[in-house]
Every structure is written in structure tokens, then in C-alpha cells.
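How do the helices of this chain pack, and which rings pair up? Have the sequence and the model at hand.

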Amino acid sequence: MNRVLPNLISIFLGFTFWTAGMVKLYAGHQFIGWIGPPWLVERLAEFDLGLYASFIAVCQITIGFMLLTTRYKLLGGIMMIPMILNILMVTISQHWRGTPYVLAAFLAMDLYLLWQYRDFFWPLLEEGENGGKLRHRKPKSLQGHLTWLAGLGLQLLSVPASFLNLPLAFSLAGAGVIIGVLSFRIDLILRGKTARQSLN
């Protein structure tokens, strides 16, 4: 249960923000998702903030993908804090009702996620001194990292593809998620190969 709940929170936050970013940039906003708003880029473009809104959307896609695939929960969780605070400032300045409370709930969930990695933060606070031992975590391979990056690349590639062919764009996005999750399988295969070589 100690690992299941953080993973479920990571997947929920990841899906929420990944889809929120995708729907903002997809042609005609034809992407799944339950938060947005999809028209944010157009609305902020009226105030010469269209590029800023597009940047927020790309950040949502990237950070959401980190959390959705659960490969980079720690890094994604850290990056989520300034992103949520940025969105919070936009909602307050636009006088949106209710949205700040939703964002506060997301922030609380993210802080809970980061609490699971609290042993990583003490060396940062103590500027290198580690008062306790870091919990052992399974190593990730370079091939796994590159596989995950290929999945993220497909997400970003699906955005311009949505203006040409929507089914192709959905296929690229779906394949990207599958590849991102399969990066763990690459790590597992390589760890098994290394273990067999060490036994021989």
C-alpha cells in the first residue's frame, strides 16, 4: 500500500495535467481531459500572453507525462509545484471561482507525493550533508531513459500532427504513453541481463 497510493496519485495528477496541456494545443481542442480550460491560449493571447499560455501547456504535457508514466515521480513532483502556483496566479488574476480550490487540492496531493521522497531533500537542505541513509531504489538504465524520451517526443509530435490528421495524432500520443511505460521493462530486461552476466 505504501507504494500503491503514491503511484495512483502520480498517475492521477499526471493524467490530469498531461491531458490539460494536450487539449490546449490540439487542433480544435479535440483531446480528452477534465480540466483546462481548453481555450486558455486564445484567451490569454488577447492580453499578448499567448506564448506564455502555450509554454504552460507544454510544461503541463511534459510534467504530466513524467507523473503519468511514474518514471520520474520525484522530478515531476518538484516541477509541479511552480507550475501549479503559476496556474493559480492566472486563475486568481482572471477571477475564476472554484478553480483555486481545485488547484489547492492538486498541490496537497503533490506535496504528499513528494513526502514519499523526503530522504532526498535533506541533503539539499543541508547543502550536501546527508543525515540519514537514502532508501535503495532500483537503478534506471540509459536505454530506459532514452525510451522514455522517445515517448515524450511522440507526445509533442502529436500536437502539430493534430492539425493534419487527428487519428494519426491520437495514435502518436497513445504510442508515446505505451513507450513511456515500457521504459521500465527495458530497465528490467537490462538488470536481468547484468545479473546473469555477473553469475557467469
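Predicted model: local features only at pLDDT ≥ 70, side-chain atom pairs only at ≥ 80, totals over all residues.

**Helix α1 and its partners**

Two packed helices are described by the angle between their axes and the distance between the axes. Start with helix α1 (residues 4–25) and helix α3 (residues 50–68). Their axes come within 7 Å and cross at roughly 150°. Angles over 145 degrees count as roughly antiparallel. α1 and α3 are therefore roughly antiparallel to each other. Their crossing is left-handed. On the α1 side, the contact includes Ile11, Phe15, Trp18 and Met22. On the α3 side, Val58, Ile61, Phe65 and Leu68 are among the residues met. By class, this contact holds 14 nonpolar, 6 polar and 1 charged residues.

Now take helix α4 (residues 73–93). It packs against α1 at an angle of about 45°, with the axes 12 Å apart. The two helices are therefore oblique to each other. The crossing of α1 and α4 is left-handed. Pro6, Asn7, Ser10, Leu13 and Phe17 of α1 meet Lys73, Met80, Met83, Ile84 and Ile87 of α4. That contact divides into 7 nonpolar, 2 polar and 1 charged residues.

**Aromatic pairs**

How many aromatic pairs are there? The count comes to 12. Two of them are set out here.

| Pair | Centre to centre | Angle between planes | Class |
|---|---|---|---|
| Trp34 and Phe106 | 5.9 Å | 80° | edge-to-face |
| Phe65 and Trp148 | 5.2 Å | 40° | tilted |

The Trp34 and Phe106 pair links distant parts of the chain. Trp34 sits in the loop between α1 and α2, and Phe106 in helix α5 (residues 99–115), 72 residues apart. Are these two residues buried or partly exposed? Trp34 is partly exposed, at 47% relative accessible area. Phe106 is buried, at 3%.

The rings of Phe65 and Trp148 form a tilted pair. Phe65 lies in helix α3 and Trp148 in helix α7 (residues 142–161), so the pair ties together parts 83 residues apart in sequence. Phe65 is buried, with a relative accessible area of 0%. Trp148 is buried too, at 3% relative accessibility.

Ring pairs also link Phe15, Trp18, Tyr26, Phe31 and Phe170 into a cluster. Phe15 and Trp18 also belong to the α1 side of the contact with α3.

**A residue in α2**

Ala45 lies in helix α2 (residues 40–45). Ala45 counts as partly exposed, at 41% relative accessibility. Its C-alpha atom is separated by 12 Å from that of Phe55, 10 residues apart along the chain.

Methods. Residues numbered from 1 in each chain as written. Heavy atoms only, no water. Axes fitted to C-alpha atoms, helices over the stretch in contact; angles between N-to-C directions. Helix = DSSP H or I, 4+ residues; strand = E, 2+ residues; numbered from the N terminus. Parallel < 35°, antiparallel > 145°, perpendicular 65-115°, else oblique. Left-handed = near helix turned anticlockwise from the far one by under 90°. Contact = heavy atoms within 4.5 Å. Nonpolar A, V, L, I, M, F, W, Y, C, P; charged D, E, K, R; others polar. Buried < 20%, exposed > 50% of the residue type's maximum accessible area, 1.4 Å probe, protein only. Phe/Tyr/Trp six-rings, centres within 6.5 Å; stacked < 30°, edge-to-face > 60°.
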